[in-house]
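Good morning. I have one chain to go through today, and I will start with its overall form. Please look at the screen.

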Amino acid sequence: MSKIRGAIVVNTDRCKGCQLCAVACPKDVIALAQKKVNANGYNYVEPAHPDLCIGCVSCAIVCPDGCITVYRKKVEE
């Protein structure tokens, strides 16, 4: 049996830390990096629990700056 899993990539240089993606994520995969900032001085989001991603792309859809890319992969279980 196979399942679809997702993997997200965040362009941390463009992220402004608005956290809309974290709110939209049904699996709480994304979280704000607490002690990291990008070159513009913003705390950015990062995959906190990447193994929980289901590839729904909700995070990428709501990102106002287009910072998130979602990849989907089939995983055999």
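One term to begin with: the radius of gyration here is taken over C-alpha atoms, and the globule rule is 2.2 Å times the number of residues to the power 0.38. What you see is a predicted model. With 77 residues, the rule gives a radius near 11 Å for a compact globule, and the chain has 13 Å, which agrees. Along the principal axes, the C-alpha atoms fill a box of roughly 45 × 20 × 20 Å.

Now the elements. The chain has two helices and four strands, and from the N terminus their order is β-α-β-β-α-β. Of the contacts with a separation of 6 or more, 65% join residues 24 or more positions apart.

Next, the inside. Buried residues make up 27% of the 77. Which residues have the most contacts inside the largest nonpolar core? They are Ile 8, Ile 30, Cys 59 and Ile 68, in a core of 17 residues. The elements S1, H1, S2, S3 and S4 each give two or more residues to this core. Take Cys 59: leaving aside neighbours within four places in sequence, Cys 59 is in contact with Ile 8, Cys 21, Ile 30, Ile 68 and Val 70.

Last, two loop residues. Gln 19 lies between strand S1 and helix H1, and has a positive phi of about 70 degrees without being a glycine. Val 57 sits in the loop between strand S3 and helix H2; its phi is also positive, near 65 degrees. Are they buried or partly exposed? Gln 19 counts as partly exposed because its relative accessibility is 32%. Val 57, at 29%, counts as partly exposed too.

Note on methods. Residues are numbered from 1 along each chain as its sequence is written. This is a predicted model: local features need pLDDT of at least 70, side-chain atom pairs count only at pLDDT 80 or more; totals for chains, interfaces and linings use all residues. Side-chain values use heavy atoms; hydrogens and water are left out. Buried means under 20% relative accessible area, exposed over 50%, partly exposed in between (1.4 Å probe, protein chains only). A nonpolar core is a set of buried Ala, Val, Leu, Ile, Met, Phe, Trp, Tyr and Cys residues joined through side-chain atoms within 4.5 Å. Contact means heavy atoms within 4.5 Å.
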